[in-house]
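Welcome! Take a moment to look over the sequence and the 3D structure shown here, and then we can walk through some of the features together.

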Amino acid sequence: MRQIIFDTETTGFEPHKGHRLVEIGAVEMVNGALTGKKFHVYINPERDMPKEAYAVHKLSSEFLADKPVFSDPSIAQAFLDFAGDGVLVAHNAPFDCGFMKHHLEEIGLPWRWTEADQVIDTVKIARKRFPGSPASLDALCSRFGIDLSQRESQGHGALLDARLLAEVYVELTGGAQSGFSFGRRGSGENGSDDENRPTPVRDGPRPVLLTEEEKEAHTAFLSDGVSEPIWAKLS
């Protein structure tokens, strides 16, 4: 399966009220593994940059003034060419897809991802796996031990966030293991005998992935009338 993990930066929240895309970043994943192919553009929004949006991504009107507008083939058509028939993956997909669909249809280009199985929203996956827990990209990176130092020092960026989301998506779905074969040993496509292949051994136990908020909630739960909790013997 070919998937396109992407993110956008904008001037605001509502494309129908004049807010515009200012950056698109995307990476390609095939069968759960990143291929190294990427798509990244800055876009001239042809309007001012609200200070609230600038505070998030640090993209000023002056920086974007000499960049192509969305209708330029290097932006709109180039994104369609890169995405092809891939499944789109985004964090809060209705937001990013809403902007892309609005901008493409505005210039007469098609939005191809009209079926439910053509778009994957990682927020929905996270909320299903960890109900009641924060589902922001920052929170999920922290949960899975994914390095956020670049995002913390440089702020949001569409390509950076797409790369981080790809790592989160792999953790949420076990995508890196999608190529596992459960056939008999030595019966692979190449006819190779892998009987002597070493069994991977983990260096140690996996780190605790609870957030600080979840640890505090767990402690509060134990202290609220739970009699001799087994967890107290393990801590």
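## Starting at Thr8

Thr8 is buried, with a relative accessible area of 4%, a value that falls under the 20% cut-off for buried residues. Keep in mind as you explore that this is a predicted model. Thr8 belongs to strand S1, and its side chain makes a polar contact of 2.6 Å with the side chain of Asp96.

Who else touches Thr8? Setting aside neighbours within four places in sequence, Thr8 is in contact with Leu21, Glu23, Ile24, Phe95, Asp96, Met100 and Ala158.

## Strand S1 and its partners

Strand S1 covers residues 2-10, and eight of its nine residues are buried, which makes the strand mostly covered.

Which strands pair with S1, and in what sense? Strand S2 (residues 21-30) pairs with S1 in the antiparallel sense, over nine bridges; here Gln3 stands opposite Met29 of S2. Strand S4 (residues 87-90) runs parallel to S1, and three bridges join the two. In this pairing, Ile5 faces Val89 of S4.

A pair of aromatic rings is described by the distance of the centres and the angle of the planes. A search of the whole structure turns up nine aromatic pairs. In one of them, the ring centres of Phe6 and Phe79 lie 5.8 Å apart and the planes meet at 55 degrees, so this pair is tilted. Phe6 and Phe79 are both buried. They also belong to one aromatic cluster, formed by Phe6, Phe39, Phe79, Phe82, Trp111 and Trp113.

Charged side chains meet rings too. The charged end of Lys67 sits over the ring of Phe63, 4.0 Å from the ring centre. Likewise, Arg143 lies over the face of Phe130, at 3.8 Å from the centre of that ring.

## An exposed loop residue

Is Asp85 buried or exposed? With a relative accessibility of 73%, Asp85 counts as exposed, because exposed residues are those over 50%. Asp85 is found in the loop between H3 and S4. The C-alpha atoms of Asp85 and Ile4 are 9.4 Å apart, although 81 residues separate them along the chain.

## The annotated position His156

UniProt, in an unreviewed entry, places the feature "active site" at His156. Where does His156 lie? The residue is in the loop between helix H7 (149-154) and helix H8 (158-173). His156 is partly exposed, with a relative accessible area of 29%.

Leaving out neighbours within four places in sequence, the contacts of His156 are Glu9, Val56, His57, Arg151 and Asp161.

## The whole protein

Finally, step back to see the protein as a whole. Its secondary structure comes to 10 helices and five strands. Of the 235 residues in the protein, 40% are buried. Among contacts between residues at least 6 apart in sequence, 66% join residues at least 24 apart.

How values were computed. Residues are numbered from 1 along each chain as its sequence is written. This is a predicted model: local features need pLDDT of at least 70, side-chain atom pairs count only at pLDDT 80 or more; totals for chains, interfaces and linings use all residues. Side-chain values use heavy atoms; hydrogens and water are left out. Rings of Phe, Tyr and Trp (its six-membered ring) pair if their centres lie within 6.5 Å; planes under 30 degrees apart count as stacked, over 60 as edge-to-face and the rest as tilted. Helices (H or I, at least four residues) and strands (E, at least two) are DSSP runs, numbered from the N terminus. Buried means under 20% relative accessible area, exposed over 50%, partly exposed in between (1.4 Å probe, protein chains only). A charge sits over a ring if NZ of Lys or CZ of Arg is within 6 Å of the ring centre and within 35 degrees of the ring normal. UniProt positions are given in the numbering used here, feature names are shortened, and annotations may be inferred rather than shown by experiment. Contact means heavy atoms within 4.5 Å. Two strands pair if DSSP finds at least two bridges between them. A polar contact is a pair of N or O atoms within 3.5 Å; within protein, one must be able to donate a hydrogen and the other to accept it, and residues adjacent in sequence count only if both atoms are side-chain atoms.
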